[in-house]
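Please keep the sequence and the model in view while reading.

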There are 2 protein chains.
Amino acid sequence: MPQRVRIALDAMGGDVGASVVIPGAAISLFRHPDTEFLLFGDRACIEEQLAKHPSMKPASRIIHTDIAVRMEDKPSQALRRGRKTSSMWLAIDAVKKGEADVAVSAGNTGALMAMARFHLHTLPGIDRPAIAAVWPTIRGDSVVLDLGATIGGDAHHLVALAVMGSAMARVLFNLERPTVGLLNIGVEEIKGHEEIREAAELLRAMNLRELDYVGFVEGDGIGKGAADVIVTEGFSGNIALKAAEGTARQINTFLRDALSRTWLSRLGYLLARQAFRGLRDKLDPKKSNGGVLLGLRGVVVKSHGGTDAEGFAYAVDVGYEMVHYDLLTKINQMLNRDGGR
Amino acid sequence: MPQRVRIALDAMGGDVGASVVIPGAAISLFRHPDTEFLLFGDRACIEEQLAKHPSMKPASRIIHTDIAVRMEDKPSQALRRGRKTSSMWLAIDAVKKGEADVAVSAGNTGALMAMARFHLHTLPGIDRPAIAAVWPTIRGDSVVLDLGATIGGDAHHLVALAVMGSAMARVLFNLERPTVGLLNIGVEEIKGHEEIREAAELLRAMNLRELDYVGFVEGDGIGKGAADVIVTEGFSGNIALKAAEGTARQINTFLRDALSRTWLSRLGYLLARQAFRGLRDKLDPKKSNGGVLLGLRGVVVKSHGGTDAEGFAYAVDVGYEMVHYDLLTKINQMLNRDGGR
């Protein structure tokens, strides 16, 4: 475990850049005072924000660049325009050089993935990276991956996802042997792609010490907390995540409409307001902000581009925890023992 | 439009069989008195239920069989054991012979799909069938397909889904030219499988009279009502549907817990109770019960196996509407004009 956690921030990433990144980092610093920040981006913008958040000053160092990857840049464009110069690249580069323990960016996902992969390379035994995130369930939290980094992939890719996801669950939830399920559809005999069934056989046969494979999980099993780690390839993972987010937002809209319709329901809402706050808190998508790029020789965390300071702070927290509990070493250990087959 | 709508019911289908199917049919009959039922299954069980629901008697005819497909049967088993004899097969057979306009079963999906496909065959121009259902959104309802009938499939399969889904949306929502979106993930340059991009190009190039292709829709776009018809292959469609259902159930649990925690929140709940009823009604999964098997030479509706009488009634309603508004003819017309390429 490092003495202090050194976090490289892409201060220009996201829909608004420094005015969310710096205040967000300040919130996270309050929760984890043993953090140091490297701030990559436009010095004037950053200093303006640091003036408003003086707690950040002693914990930060600014590395100026006026080049930023745009949200609409394609990965190839971003690499062409921003390689070696952009705030996103420089944050990743700090991880590569060992000057930072983790990079956090709210910049565009495709560009971040491309740069991280290009510059950090994948771990031995890992062909393709993944994005993992924490999904709140009825039973607690689960790790779900891949949320869109890699589309498709064979049985060995799914096994690698299971290993990496388990390492993350061990680190985050402090579990000895997290349960792992493979996302699948429930209909008999047409129950999913060949590679999912093959991955199931592999996981059963390997009987890994660090994870407990529990079988197939259907889409509604994620919210039930059917397993600590839910594994799927990036297309279906992204669809599942966004369908769930969309449903949560939809219900929220319906609920607000229903409760504001009559004076009686408005009064009821006022009385139960504390309960609703608790609920909102529980379902707050900001709290699940922070997708971890897994499978790389370095830790990179992706924040939603459209989040606010509070949401960005959660992404910084995720980065902090990954370093503090030494995720990368644990993944490597598991891969060397089990996953590199 | 037929004089009366003749519905063949698999009276033994579902987790409990006749004690849900007959009461459910009675509810639907009350809403659509111009319905006739053919009831396939164990005569004693059915008559016991008819005695409790006398309105059903004059509208029903019983065709006895004591063979029923079990919920755990694999499709191949079901075909072997239940072909020509089971209540499920006989209901489909009634559609094949023109004795019924639609078959409704709460029996197991794989078996129903296999029997329907084996016995009814697919429409000209359609290789593989689909399951479509109505998805409640913020903007109204959308048709989403395929929810798990066919995994994978090329661009032409996706175009056929678009055509069939549009026909269903035209029938159900009374739209001239429904909007159609292809479900995809949002990351640039890795934005989805090749076949989805190819389907997008095809749909744009075809510029069909009966549907308005509006582009890619992400998972959270379904709940927003981003298009009247959302098209995806069966694996991701099933995952999206179940992830959304799971999230709705999860929020419901959280909400109930939150509102029962303090006396103040309980009082608030009592006052706003009407609003919550309205909400529950709006989100009631029973109301979305009834997946339509599309692409076959006959209409078959699949009900959830675990639903109650009220839920089964919605599936019967869906069958009624598909016949009443002549879905099959409309799909055929569209396929002949556009989709059979």
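In this predicted model, 57 residues of chain B are in contact with 57 residues of chain A. Between them the two chains bury about 5200 Å², of which 75% lies on carbon and sulfur atoms. Phe235(B), Phe254(B) and Leu271(B) supply 12% of the area that chain B buries against chain A, more than any other three residues. Because 100% of the interface residues of chain B are also interface residues in chain A, the copies meet through the same surface.

One joins the side chains of Glu218(B) and Lys242(A), with an N to O distance of 2.3 Å. In another pair, the side chains of Arg249(A) and Asp220(B) meet at 3.1 Å, N to O, and this pair runs from helix α9 (residues 234-259) of chain A to helix α8 (residues 219-224) of chain B. Arg249(A) is partly exposed, with a relative accessible area of 42%, whereas Asp220(B), at 13% relative accessibility, counts as buried.

Over all chains the structure holds 24 salt bridges. Within chain B, the side chains of Asp228(B) and Arg139(B) form a salt bridge of 3.0 Å, N to O, which links distant parts of the chain, since Asp228(B) in the loop between α8 and β9 (229-231) and Arg139(B) in the loop between β5 (130-137) and β6 (140-145) are 89 residues apart. Asp228(B) counts as buried, at 11% relative accessibility. In chain A, Arg70(A), Asp73(A) and Arg81(A) are linked in a network of salt bridges.

Helix α7 (residues 194-206) of chain B has 13 residues, which should span 18 Å at 1.5 Å a residue, and this agrees with its end C-alpha atoms, which are 18 Å apart. Ile196(B), Ala199(B), Ala200(B), Leu203(B) and Met206(B) are buried in α7(B); because these residues cover an arc of only 140° around the axis, they lie on the same side of α7(B). The face turned away from this buried side carries the exposed residues Glu194(B), Glu201(B), Arg204(B) and Ala205(B). After α7(B) comes Asn207(B), whose phi is positive, near 45°.

Note on methods:
Residues are numbered from 1 along each chain as its sequence is written. Chains are lettered from A and ligands numbered from 1 in the order in which they are written. This is a predicted model: local features need pLDDT of at least 70, side-chain atom pairs count only at pLDDT 80 or more; totals for chains, interfaces and linings use all residues. Side-chain values use heavy atoms; hydrogens and water are left out. Contact means heavy atoms within 4.5 Å. Helices (H or I, at least four residues) and strands (E, at least two) are DSSP runs, numbered from the N terminus. The expected span of a helix is 1.5 Å times one less than its number of residues. Buried means under 20% relative accessible area, exposed over 50%, partly exposed in between (1.4 Å probe, protein chains only). The arc is that of the directions from the helix axis to the C-beta atoms. Buried area is the accessible area (1.4 Å probe) that two parts lose on being put together, summed over both. A salt bridge is a side-chain nitrogen of Lys or Arg within 4 Å of a carboxyl oxygen of Asp or Glu.
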